[in-house]
Amino acid sequence: MDLSGSSLNRSQSLASGLEKTSHTWNKPAHSQSSSTLSSRHSRQIIKDWEVIDDLQVEMQGAGDDPQDRTAPGICEGYLLKRRKWPLKGWHKRYFVLEGGILRYSKNQQDVARGRVQGSLDVSLAVISINKKSNRIDLDAGDFLYHMKAKSHELFYIWVTKLQAHRLYKKNEAAHLHSSVLHTLSLPTAAEQAQRNGDLSATGTADSAGASGVLPSANTAVNTKVSAWLQQSHNPDICLSSSHLSNSAHLGASVPCIPDYVYSQLSPSTVNSPEGKKIQQDIYAMSQRVLNSLKSVHETLSQERQKLQAVWDANNMHQSNTLAQPEAVRRSSQGPPSVADSAAEYFDASDDILWGSSSEVSDESGLSDGSTTNSEPEEGHTSATRKYRASISRTPNTVVPKSTGRRTKLPVHCPDNSHVGLVAILYNNIGKDLARVSMPAVLNEPINLLQRLCEELEYSELLDTANNTSDPYQRMVYIAAFAISGYSTATFRNRYKPVNPILGETYECIREDRGFRLISEQVCHHPPISACHADSENFSFWQDQRWKNKFWGKSLEILPTGMVNVTLPRYGEHYEWNKVATCIHNVFSQQRYLEHYGEVVIKNLKSNICTCKITFVKSRYWGSETNKNEVQGVVLDQSGSAIHRFGGLWHEGIFCDTLPTPKCIWKPNPQPKDYLLYYGFSSFAMELNELPSDLKPLLPPTDTRLRPDQRMLEDGRVDEADKKKDEIEEMQREWRKELAKRGEVCVPRFFKRSKDSSGRDVWLTNGTYWKLRENPGFANLENLTLW
C-alpha cells in the first residue's frame, strides 16, 4: 500500500503554501551571528538536522486579521513512526493533522472509528527535520514523536503543513489571549449608558444581568482587574477566583480576591453599602475573567507551563521552598515578561537539537509491520491496576533497621533554579553531553561510581534467588532485582550525579548486607564505569556506558552495557540489558523522568527459561496514577508463560502466579526530609559517608576523598565549583602528557575482555582486595587525581 494514502489532503489543494524556498527551513539570523555556534565541529554534527524556528513569522502573523487565523487544510496519510519498544525499527501509522492537532492510529479505519493512539498539539512542539533521511521529530516535552516519510515529496508536504498548522495554532492562542485582555479593558453596556445617559442601554444591561450574565457597573473595578491580570507574572493566580461559585459566599470570599484589587478598598468602605456594591462588581468582574480564561485554558495550557517554568527558575521548588533557609531563597527575582520568556525559549530551541557524537542513526530497521508490545492494549492497563491494588494492600515486609550509619547529609541541597541550563546547552551545541562541564550546583554529592553501587540497595532479592530451588521462581526474583535498580530515580530529577574522572575508584563494604563492591572509571571517552560485587549468595558486575540524544525539550539516555549476576548455588549466570531513560521538560523545574523499553533476561548456563520485562512508556490518555508501569513474564523453552508479574517501578512488583501470590518487592520508605537532601534514600545517604577508621584504608583515588564532591556535600558550592575546574584541568594535562609519551591509561583494577556474544566488557582483575589487605594502599604508588 502506498504510504501517501488516498486522501492526503481532503479540504485544501496540496499546491497551496508549498514553496520550497521557505525561509523557516534555514537557520535564523541570530544563530548565524553567534561565534559560539560557528565551530566546525558543531556544524559537522548538526548539519543534517534543522530546527524549524518560526518566531519571526509568528510575531508578524499574530495580528487581528481574520485571514491570518484561517485553519489550514487537513493533512492525512501514512507515515513511518519509530517504535517505542525496543527503540529500533519503524512501523506504519496513519496520521491526521487538523486544526493544529496531530493524531495517529494504526490505520485509516481506526481513525474513522475514533480510535486514536496518540495526539499532540504541534504548536507546543519543537519541530526538527532531516532532509537527507526524510525524518521529522516532534518534541512536546511530555511526548516525543519520531516520524519518517517514504519519499521526499511526501516529507516536504508534511513539513509544510506542520509549519502552517503550528503557526495557525499559535496565532489563535495569541488572539484569544489578547481578546481576554481587551474585553477587560472595555466598559460594559451599563457603564457606557451611565456615561451617555442612554436608559435603553441600561435596560438592556439589566436584562442581561437577569439572564445570568453578571455586568459590572464600576469602570474603576474593570480597570483594576485588567491591570492586575496584565501585570501578574504567576499564571496560576488567574484562576484564583474559582472559589466564587455563588453570591451567597461573596462576603467570605472577598479576602481571597487578588490583593491588588482588594487593597483598593479603604477600611471604612468595606462594610458600607458602597463597599458591598463594589464587592458585587468585583465578583462580577472576576466571574467574567474566570469564564474567559476557562474558554481558552485548553489552548493556553502549555504557554502557562512555559511561564511557570520561567517563574520557577527564580524561586525554589514548591516542595521545599518554605523548609529551606532564607539564604537559599533570596536569589529569587521577578520573572521576565511574556515577550522575554518567549525570546529566551526560541533562542534556546534554535539549533539546540543535535545527535551526540556517539549517536548512530539506525535506518536499517524499517518495517511496515507492527508490534504487539509497542503500544499496550487495555488488558495491559487493567492488569497493572490489579497489581497496584495488591501492592497497596501489602505492608512493607522489611522494616529498615538502624545500621549505625548517618541518616542525613551535613546540609540541605542547594537551590539550582537560578542556573541557566538553556544557556549552558546553547553554548555547547554539537558537543557530546558527556564532554560538557556543568556547574557544581547541578550535581548531587553522589558519583556515577557510587550510583552503580546504589543498584544493590535491594540485594536481598538476589539472596532470595540463590535460596530458591524452583528455576522459574528464581527468575522472578532476578527480574524483581533488575526492576528495583530503577526506583532510585523516583525523587532524583533536579540534580545529576558527579561525573568520575579517569582512574577514579570507589569501594563499598556492607557487612549488614553481606557484599563488597569495587568500581572504577576505566575509560574517559566514551565514559565507561565498571563495577564488581561479591557475596556468599551472588556475584554482580557491569560496565555502564551511554548514548545521549537531546531533542529540544527532552534528553534521552540510552545505556549500552549489560548487567551480569551469577548464583553460586546453582552455577547460573544471568545477563540482561537496560532500558532507555528520558528526562522530560529539561528546562523546567517541573522536569520528570521515565524509563521505557524492554528488558530481556537470559540464563547463559541454561535455556530452561527466559524473562521479558516491559517498562511502559507513558500514554497521552494516562494520568499520574498509571505512570511508571512495568510488567513481565517468565517463559519456558517453548515460549509458554509460567509466571506473570507487574506493578510500578517506584511502588513495587506483585506476582499472582506463585503458589502463594505475593508482593515480591516494595521499595523502602524514604527517610525524613528526603526532599531537602536531594531525594536520597537511606541507602544513598550512606554511600558518601567517610568514617575516620575507613579513611586510612582507602586508595587516594576513592570518590569519598574527592575534594569538590566533599565540598558540595558540605554546602560549599562556590568552592566546589572552583575545585571541580582545577581537577578537570589537572585531568586534561595528565592525559596530554600520556599522549606525548605515546602511552594510555591502563585501568588498575579492571581489564578489557570479550563476553559470550563477542562484546567488549570490563571485568575485575581480582587485585583490589588483595592489595588493600597486603601491603595496603598507603604503602603503594598511587595516581594523583586531585
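Figure 1. The secondary structure comprises 23 helices and 28 strands, where helices (H or I, at least four residues) and strands (E, at least two) are DSSP runs numbered from the N terminus. The model is predicted: local features need pLDDT of at least 70 and side-chain atom pairs count only at pLDDT 80 or more, whereas totals for chains, interfaces and linings use all residues. Residues are numbered from 1 along each chain as its sequence is written, and side-chain values use heavy atoms, with hydrogens and water left out. Of the 786 residues, 52% count as buried; buried denotes under 20% relative accessible area, exposed over 50%, and partly exposed in between (1.4 Å probe, protein chains only). The chain exposes about 35,500 Å², of which carbon and sulfur atoms supply 52%; the areas follow the Shrake-Rupley method with a 1.4 Å probe, and for residues only the protein chains shown count as cover. Among contacts (heavy atoms within 4.5 Å) between residues at least 6 apart in sequence, 65% join residues at least 24 apart.

**Figure 2. The largest nonpolar core and the surroundings of isoleucine 601.** A nonpolar core is a set of buried Ala, Val, Leu, Ile, Met, Phe, Trp, Tyr and Cys residues joined through side-chain atoms within 4.5 Å. The largest one has 68 residues, and Trp576, Ile601 and Ile613 have the most contacts inside it. Helix α19 (residues 471-484) contributes the largest share of this core, nine residues. Leaving aside neighbours within four places in sequence, isoleucine 601 touches residues including Met475, Ile478, Ala479 and Ala482, as well as Tyr574, Trp576 and Ile613. Another core, of 24 residues, lies apart from the largest one and includes Ile52, Leu102, Ala140 and Val159.

**Figure 3. The open sheet of eight strands.** The strand order is β1-β6-β7-β8-β2-β3-β4-β5, with antiparallel pairing; two strands pair if DSSP finds at least two bridges between them. Strands β1 (50-51) and β5 (118-121) stand at the edges with a single partner strand each, so one side of each lacks a neighbour in the sheet. Strands β2 (residues 75-82) and β3 (residues 90-98) run antiparallel and are joined by eight bridges. Within this pair, glycine 77 stands opposite phenylalanine 95 of β3.

Figure 4. Cysteine 508 is buried, with a relative accessible area of 6%.
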